[in-house]
Amino acid sequence: MTPETKERLIAERAWIQDQLKTCVAFWLEHGMDPEYGGVYTCLDREGNIYSTDKSVWMQGRCGWTFSYLCHLYGPRQEWLDAAKSCLAEGEPLRQRRYNFSEGFYCIANAEYDGVTGEVEHLKRARRAYQLIYDLNNGLIEDPTGFGPKTIPTTRAGRALGDPMIFLNIIGIMRRVDPEHTEEYDRHARECTQRIVGEHFRPELGCTLESVNLDGEPELWYTAGRVVNPGHDIECSWFLMDEANYRGDAELHAQAEEIFKLAIEAGWDKEYGGLLYFIDAKGLPPEAYEHDMKLWWPHNEIMIASSKALRDTGDEYFATWLFKTLDYCKEHFADPIYGEWYGYLRRDGQPTMPPTKGSTFKGPFHVPRALCMTEQIITEILGDEQTAPTPF
């Protein structure tokens, strides 16, 4: 590590810690529902609520976030109360076909058990975990009865999101539930085999969002060519964590390559920032929001680049970490009201009216990236005993 990199890491850690404090305070002040429990995530720039609907997706993510803060920095009652309230019941609005909400419910309960020892929450997590595994592997019938969006006899496939998100769930479950380590290890290998064996396509210079049931690309229609660079980068650090757990250098190298292909193809050469979607062949993407800049892919770059820098010492990853932080400071962070904007146009200006939260943006990606990156930088610097802390 060069002296310049070390000096920059120290400065960036201080900024990240300040952002983490203001982000957590923003949600505790504006988002928590003191009457019915849970978190309101539809907040405007100043923190005013513009919709009172609460998605299970975000309740689980919020429950995990505040429990994870306790795991990292020690339990605080306001964090425990926030996490607990997000595990409350509510009246359902609609049924989704995918099971990501169940996944976030799983990790929220698992992390909460990890910091409180309330075993009922681990039991909930285990039930949700098994449901997800069974659904992803076709071991039980679709409980919604809706069936897939596409007609299976005409087009069927597998999505990157299923094994990558389940791999992250496994990492959390394995940490809080060591009794079932053998099962988690087996399932993690299944996930990594699907990710690197089917979706990771170095011959195409990308990682595909979907493949057919044989694990092969289908590139003659737009959906088969979708590349989500932020998704790939998030996946890369899930794989890095798994590689480090196994001591698998080959898997780590594949994760590094996934990161490199995604960021080099997805970074906007004209305006900066990571494009939301690109096409594997460089053809026009189908999604109308393909050239927007969203908060969470940039959060994933922070985590993945810092982990890769820590594990390899390669200054390549420091360059991307600093480049991304510069972009986030200029375009996402709000020095007046705190937290980060969620949605930017391609030129980096917030969509209007600007928001800090939505059905899909709440206290998850930003605080996760800030606390993880802060911790990783401290590991890189090796000053755990003397480093300042954000709380």
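**Note on helix packing**

1. In helix α6, P163, M164, F166, L167, I170, M173 and R174 meet T181, Y184, D185, H187, A188, C191, T192, R194 and I195 of α7. Contact here means heavy atoms within 4.5 Å. By class, the residues of this contact are ten nonpolar, three polar and three charged. Nonpolar covers Ala, Val, Leu, Ile, Met, Phe, Trp, Tyr, Cys and Pro; charged covers Asp, Glu, Lys and Arg; the others, Gly among them, are polar.

2. This is a predicted model: local features need pLDDT of at least 70, side-chain atom pairs count only at pLDDT 80 or more, and totals for chains, interfaces and linings use all residues. Residues are numbered from 1 along each chain as its sequence is written, and side-chain values use heavy atoms, leaving out hydrogens and water.

3. α6 spans residues 161–176 and α7 residues 181–199. They pack at about 155 degrees, with axes 9 Å apart. The two are therefore roughly antiparallel (an angle over 145 degrees, on a scale from 0 to 180 degrees between N-to-C directions).

4. Now a second pair. α3 (residues 77–85) and α4 (residues 100–116) pack at about 145 degrees, their axes 10 Å apart. L80, A83 and K84 of α3 touch Y112, V115 and T116 of α4. That contact has four nonpolar, one polar and one charged residues.

5. Helix α8 covers residues 229–246, 18 residues in total. From first C-alpha to last it reaches 26 Å, close to the 26 Å expected at 1.5 Å a residue. Just after α8, G247 takes a positive phi of about 70 degrees.

Key:
Helix = DSSP H or I, 4+ residues; strand = E, 2+ residues; numbered from the N terminus. Parallel < 35°, antiparallel > 145°, perpendicular 65-115°, else oblique. Expected span 1.5 Å × (residues − 1).
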